[in-house]
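Dear colleague,

Please find below the structure that I am handing over to you.

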Amino acid sequence: MKNLQTFEVVPDIPESLSFLEVLSRNLWWCWQKEAIELFRRINPPLWVEVQRNPVIFLTRISQERFEELAEDDGFLAHLERVRKSFEKLDLARADSPSKLFAEDETIAYFSMEFGIHESLPLFAGGLGVLAGDYLKAASDMSLPLTGVGLLYRQGYFHQFLDQDGWQQETYPETDIFQLPVEKARDRSGNEVHVAVTGPDGEIHAVVWKLTVGRVPLYLLDTNLPENTPDARDITSRLYLSDQKRRLAQEVLLGIGGIRALEALNIFPTVYHMNEGHSAFSSLERLAQIISRYNVDLKTALEIIPRTSVFTTHTPVRAGYDRFSADLVRPCLIPFEEKLGTDIDEILSWGRVENGDTDGLFSMFALGLRMSQYCNGVSRLHGSVARRMWSHVWPERPEDEVPITHVTNGIHILSWISHENALLFENYLGPDWHSQLAKPELIERIDEIYDEALMRAHEMGSARLIRYCRKHLVGQHRRLNSPETMMKEVESVLDQDVLTIACARRFATYKRANLLLHDPERFEAILNSETHPVQFIFAGKAHPDDSEGKDLIKNLIQFANRSNTRHRMIFLDDYDMNTARHLVQGADVWLNTPRRPFEACGTSGMKAAINGVLNLSILDGWWCEGYSEERGWRIGNGEEYTDTAYQDAVESQALYNVLENDVIPSFYERRSGDATTRWVRMMKESMKMVMWSFSSRRMVDEYERRFYMPAAKRFRGLIENDAAEAGSLVTQRERLQDLWKGIRIKPPVRDANGPFRVGQTIHMTAKVTLGKLRPDEVEVQLYYGYLKSLETLTASQTQGMTVMEDMGDGRYLYGCDIICPDSGRYGFTARVMPNGDDLIKFAPGLITRA
């Protein structure tokens, strides 16, 4: 019907319970055990039925039940405890480095997805869950952060499986009024609407606000009557396959996100792009800086990168979004007038010299060019990213490519089991989760009684098995399975058997089928009479990934064999709720990616904080987390060019470590002595995550290394009519114009050697600077172990100083180095600009002897 009008009826909640409505509208509740239990105790079955969505939940509670609760002293006392904790959100910022930000300063955090809770369909997988954990940690730490994303009406797909195990997808529509969002409003109380130019014309969006503890998250939504049907669908689903609509999403996120913040009178000091999807934000920021501070494009280009952080999560170049220039051009033409330049120059910012020659516009290239602070998400991934993009800086050694790393972390309160959280409260103190930087506190985990830790784990294990049985009944009911099968799945799995979980996105490089390389050997492991093992698999393949769907199908068909189906199951429609059950109840967490394609991976961290031991390829975070005191490795970190050979070798390594290490260690703990190696490993895993892999550590690292320096730089760059930024333009132009006149001769040492450890060598080099002054450059001696004729390892630099002005722009530079260790060394000298990293690492501004 047309022209329908609507009205809504909500419960008449008694005044003494009114805080429930307030609580339901702030996602803070979803990582507070007491708040979750407050909702659940009202009606436990209904809480599960509505998928733990308190907005829906409260509308389904009867008026009679509310009246009962209003007279329940126990419930009211519980509510009061939660309310007092909640009110602390409004207190002044905690005593942390965040206090160095001014009251009106904020950091904008852009992400294509946010995985905050399973009731919010705003995420597809690990990237989104990481972003959700990031917002929660920022809230806990009182970091002045503002999130920006898109509001998806259908989100990512729901998965179900047909009779053959083939993945099917469905996209149910989300009722916006069943989410804890509200229309964002400007200072005059008006709804905030923005418009951007997409590949097919103008796109309109309304802005919604979601509150995550102390952090506001603004979400753009194109489902508006003034849009065309295609434009309305831009924010319907995550990661649309159609290139045109995918581009429109990224234009909306980046350009529209900046415009939304401006309409809200929010002008962040620092901008953080979580992957390249939001890289278009830098173009709108350029226009904003030009207009707001009355500067030209060159000056704005000195400001934007110095106040931008760019995090990449992708270890393969094919994983970055790239669009044809013809598709991008209509979206960027409006910036010609705003920036005072032509479209070809704008398009050039999305291309990399010495790199791709196909003319495609790369979102990664744009993000990289517009950010001084670039990082991968684990130590290994940082190294992979430097190697992958070293062609941008062809004159630099790979280890000096300006891409660093900040290893991801998890929001512990969101993933730890209730039982383990209580143990930590009892042994570490009630505020343990906010004191993770104190080693003496973390060491108290060793004081937890082994029996108490095992009892807590057994409760998680029992809960997991109950969940799996109930989930499988639902799966088989949807398939109209026979009654005999329904009865069988009701008793699947055994709590006394070693339980190994493997849950992740089903991409081919993650190799969830590695266990199937030798089916007979795997079957023998499952069905051992004395030491049986059971496996739980879960995960989704991308709708267009047939190979990933094949992996799921093969696993399910193997699991459906009559002699394996009691020991191996696949849970469909993997989500955050399933993930919590798995990481809290499994005994071992299995991860089998093809190194080095796992950028980080955080599911193993979530398992480890619950005492679940990791068994993994040395890839991503496990390269940093692994030690034999807390888990097992598959292989020794080798990398192969022949993937079939790699799979054959590493599948055998996996069987070996299971049969020789993991399984015997697990069953050893049942020998009657609770103080076994297994329990010690559980405690070591917990300590590892608390110290090294929490989201508090991650956010604190971003804040100290990137946000605070960038914020300080921004203040200096814009003051005095952006005088400093203007001087940087002059410096850059002078360096670019005169750099071609630089010459440097090979350095000369004062003796031929050989040299003894600790001996000093004096080095000199003749340098021609032309019209440049010595204070405008750095001359360095570069040396290290000789790996090959042209490659050094463990390289170091030593600054050289002017020893003699030889006239006509020629100088003699010198320095001393102390021979550090025995070995064969190589050395050379080079000239670089003197300035901050953006100047120092400018491509083309380096001359070597």
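This is a predicted model: local features need pLDDT of at least 70, side-chain atom pairs count only at pLDDT 80 or more; totals for chains, interfaces and linings use all residues.

Helix α12 spans residues 325–332, and its buried residues are Ala325, Leu327, Val328, Cys331 and Leu332. These residues lie on the same side of α12, because they cover an arc of only 155° around the axis.

Leu360 belongs to the loop between α14 (343–348) and β12 (361–362), and it is partly exposed, with a relative accessibility of 26%.

Salt bridges

Across the whole structure, a search finds 51 salt bridges. In general terms, side chains of opposite charge can pair when their charged atoms come close.

Arg329 is joined to Asp344 by a salt bridge whose closest N and O atoms are 3.7 Å apart. Since Asp344 is in helix α14 and Arg329 is in helix α12, the pair ties together parts that are 15 residues apart in sequence. Both residues count as partly exposed, Asp344 at 48% relative accessibility and Arg329 at 26%.

Arg565 forms a salt bridge with Glu488, and here the closest N and O atoms are 2.8 Å apart. Glu488 lies in helix α21 and Arg565 in the loop between α23 (546–559) and β17 (568–571), so this pair ties together parts that are 77 residues apart in sequence. Arg565 is partly exposed at 27% relative accessibility, and Glu488 is partly exposed at 30%.

Arg83 is partly exposed at 23% relative accessibility, as is Glu87 at 37%.

Beyond these pairs, a network of salt bridges links Glu302, Arg306, Arg713, Glu724, Arg732 and Asp836.

A patch of negative charge

On the surface, Asp12, Glu64, Glu67, Glu71 and Asp73 form a patch of negative charge. Of these residues, Glu71 sits in the loop between α5 (63–70) and α6 (73–87). Glu71 is exposed, with a relative accessibility of 65%.

Backbone features

Most residues other than glycine have a negative phi, and most peptide bonds are trans. The following places depart from that pattern.

Leu493 is not a glycine, yet it has a positive phi of about 70°. It is located in the loop between α21 (483–489) and β15 (498–503) and is buried at 2% relative accessibility. Asp808, also not a glycine, has a positive phi of about 55°. This residue is in the loop between β25 (791–807) and β26 (810–818), and Asp808 is exposed at 74% relative accessibility.

Two cis peptide bonds may also be noted. One joins Arg595 and Pro596, with omega about 10°; Pro596 is in the loop between β18 (588–591) and α25 (603–608). The other runs from Gly753 to Pro754, with omega near 5°, and Pro754 is in the loop between β22 (748–749) and β23 (760–768).

With kind regards

Technical notes. Residues are numbered from 1 along each chain as its sequence is written. Side-chain values use heavy atoms; hydrogens and water are left out. Buried means under 20% relative accessible area, exposed over 50%, partly exposed in between (1.4 Å probe, protein chains only). Helices (H or I, at least four residues) and strands (E, at least two) are DSSP runs, numbered from the N terminus. The arc is that of the directions from the helix axis to the C-beta atoms. Patches are made of residues with over 30% relative accessible area and no salt bridge: like charges are joined within 9 Å, nonpolar side chains (Val, Leu, Ile, Met, Phe, Trp, Tyr) within 5 Å. Accessible areas come from the Shrake-Rupley method with a 1.4 Å probe; for residues, only the protein chains shown count as cover. A salt bridge is a side-chain nitrogen of Lys or Arg within 4 Å of a carboxyl oxygen of Asp or Glu. Lys and Arg count as positive and Asp and Glu as negative; His and the chain ends are not counted. The place of a charge is taken as NZ of Lys, CZ of Arg, CG of Asp or CD of Glu.
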